[in-house]
Amino acid sequence: MLKKEPTVDLFDTGTTMESDYLPSAKERSSSESDFAFAFNDSNFSDRVLRIEILADLPSEKLDGEVCKSIADWARNRKRRREEITRESGVDVFVQGEEQILNCNMPDIDDGLAYENHDDDAIPMIDETPSAVGINTNQLGDVEANQSKYLPSSMDSSSTVIRVKTIHISSPILAARSPFFYKLFSNGMRESEQRHVNLRIHSSESALMELLNFMYSNTLSTTSPPELLDVLMAADKFEVASCMRYCSQLLRDLPMTCESALLYLDLPSTVLIAEAVQPLVDAAKQYLAARYKDISKYQEEVLNLPLAGIEAVLASDDLQVASEDAIYDIVLKWARKNYPKAEDRRDILSSRLGRLIRFPHMTCRKLKKVLTSIDFDPEVTSKVVLEALFFKAEAPYRQRSLAAAEEPTSSHRRFVERAYKYRPVKVVEFEMPCQHCIVYLDLKREECARLFPAGRVYSQAFHLGGQGFFLSAHCNMDQQSAFNCFGLFLGMQEKGSVTFSVEYEFAARSKPSEEYTSKYKGNYTFMGGKAVGYRNLFGVPWTAFIADDSPYFINGILHLRAELTIRQ
């Protein structure tokens, strides 16, 4: 049996997150208010709720059909979204001594009727009462004041196929739901009437679960589809504590790609609810982890919906060759999913472009960004200029800018991802000869992961029209006596191309913290070849990586390579 959700508030307006006091929804218990004994008991009730279940739309599931999986629920929801107008909501009508709520229980993506929480945002009285035969003289001027909050549409052709009547306590419902609080305390005559009629499309099971939760702080269902139905009902009637409870139960279930995408595709009012944020965050984290090696799963990534690829691109831990590769994947996705140029520019400028970390792209790629027809020219000018300014900053300043970004922000421009090819900073000279200085910084933990035989490569840089790269290794010294740190310079192009280069390796070290030359030489490169020094610092690996190593300054190993082409 599921444990109870603590009753801690009126409306549960973000009082305490579950993880702040108990680890799991199933482990919760409470000795506080538990009114399960009063549910549907006339002795403890002051009103009667009459639930009218309307005939389902043609494409909805039949009454006896049950969603057995997340996939079934998603397919059914998609059909409902296609056939139920976005403006459908909750309508209140007055008829004699009763109130009637016309409530389409299926989800609504936008503009839920009760989304405005202003004091006067009370349930409306419909402006076209002929649909239910009400006496307009009873309404007076109330219609004009309230009709703006809820739509006035009602499907008069809908057939009531089933009616369920239960006894309710207005204080209990009002304490858990702003919707019912407004309904029972709006000051009008109908708020004092005993009978309340509720009209819903689809089965009443989710609503009954919700009402029961408002009394007992627990649910009897555990299946994902049913929990999602209850979550949607809780959102519609503003029962934040039930939304939080359903969210935690769903988080406790095994996550799949299908379920993660479904959670991210819930209606906007659900997604922005504080109670559901832990579930949304868990879905994003799952997708980011699943597609961590984004290049390996590129075909799957290109088929993700917008919310899915945004979750992936927001991750710092993507294992990708470089940010250039991220840029290429984003363009491929946008061209595939938004074939119209205008739509593509809009989605890149407003949503996806901010997830590309332009400051970590190579200058050669940034030049292509400036001439891209997929981006708005104003946007590309801005992001490229920002990227170039970042590259011009000193390394310590770059690290400060990255550290200043919020860890929870989805728009992190300066933080490096887990690039397979480490970024470099390059200064080029054309006179008196072609010459470049390349700076490569490696974190202590990156170096530690190289042991016992790993290697890490830098991004490519160019000199004299040829592409070069640096590679740091953990390898055995020439006598194979111990592991040590090595640094190598390689040329990208393969084939018969030869290229003569003078090179020098240097590194910063304590106490001076200045760059000191470690190795220099002259080498004629052929495509695919590399040259370097197996033991750059002349010490064993243990001494190089030790806590008191002079080669790590504030946890960073600073390397420099100078390349010169002599004519």
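Helices here are DSSP runs of H or I with at least four residues, strands are runs of E with at least two, and both are numbered from the N terminus. Welcome to a quick tour of a predicted model, in which local features need pLDDT of at least 70, side-chain atom pairs count only at pLDDT 80 or more, and totals for chains, interfaces and linings use all residues. Residues are numbered from 1 along each chain as its sequence is written, and side-chain values use heavy atoms, with hydrogens and water left out.

**The chain as a whole**

- The secondary structure of the chain comes to 20 helices and 17 strands.
- Of the chain's 567 residues, 50% count as buried, where buried means under 20% relative accessible area, exposed means over 50%, and partly exposed lies in between (1.4 Å probe, protein chains only).
- Among contacts (heavy atoms within 4.5 Å) between residues at least 6 apart in sequence, 71% join residues at least 24 apart.

**Cis peptide bonds and positive phi**

- A cis peptide bond links Met431 to Pro432, with omega about 0 degrees; Pro432 sits in the loop between β7 (425-429) and β8 (434-443).
- The bond from Lys510 to Pro511 is also cis, and its omega is near 5 degrees; Pro511 belongs to the loop between β13 (498-509) and β14 (514-526).
- Asn217, a residue other than glycine, has a positive phi near 65 degrees. You will find Asn217 in the loop between α6 and α7 (224-236), where its relative accessible area of 1% makes it buried.
- Glu238 is not a glycine either, yet its phi is positive, at about 60 degrees. Glu238 lies in the loop between α7 and α8 and is buried, with a relative accessible area of 9%.

**Helix α8**

- Helix α8 covers residues 240-252, 13 residues in total. From first C-alpha to last it reaches 19 Å, close to the 18 Å expected at 1.5 Å a residue; the expected span is 1.5 Å times one less than the number of residues.
- Eleven of the 13 residues of α8 are buried, so the helix is largely enclosed by the rest of the structure.
- The buried residues of α8 include Met243, Arg244, Tyr245, Gln248 and Leu249, as well as the cysteines Cys242 and Cys246.

**Leu207 in helix α6**

- Leu207 is part of helix α6 (residues 205-216), and it is buried, with a relative accessible area of 1%.
- Setting aside neighbours within four places in sequence, Leu207 is in contact with Ile51, Leu198, Ile200 and Phe237.
- Leu207 and Met232 are 25 residues apart in sequence, and their C-alpha atoms are 9.6 Å apart in space.

**Two helix pairs**

- Two packed helices are described by the angle between their axes and the distance between the axes. Axes are lines fitted to C-alpha atoms, for helices over the stretch in contact, and angles run from 0 to 180 degrees between N-to-C directions.
- Angles under 35 degrees count as roughly parallel, over 145 as roughly antiparallel, 65 to 115 as roughly perpendicular, and the rest as oblique.
- A crossing is left-handed if the near helix is turned anticlockwise from the far one by less than a right angle, and right-handed if clockwise.
- Helix α13 (residues 306-313) packs against helix α15 (residues 341-352) at about 45 degrees, with their axes 12 Å apart. That angle makes α13 oblique to α15, and the crossing is right-handed.
- In this pair, Leu306, Ile309, Glu310 and Leu313 of α13 meet Ile347, Arg351 and Leu352 of α15.
- Helix α16 (residues 363-370) and helix α17 (residues 377-392) pack at about 160 degrees, their axes 9 Å apart. The two are therefore roughly antiparallel to each other, with a left-handed crossing.
- From α16, Cys363, Leu366, Val369 and Leu370 meet Thr380, Ser381, Val384, Ala387, Leu388 and Lys391 of α17.

**Cysteines**

- The structure holds zero disulfides, a disulfide being a pair of cysteine sulfur atoms within 2.5 Å.
- Cys484 is in no disulfide, and the nearest cysteine sulfur, that of Cys474, is 7.3 Å away. Cys484 is buried, with a relative accessible area of 0%.
- Cys257 counts as buried too, at 16% relative accessibility.
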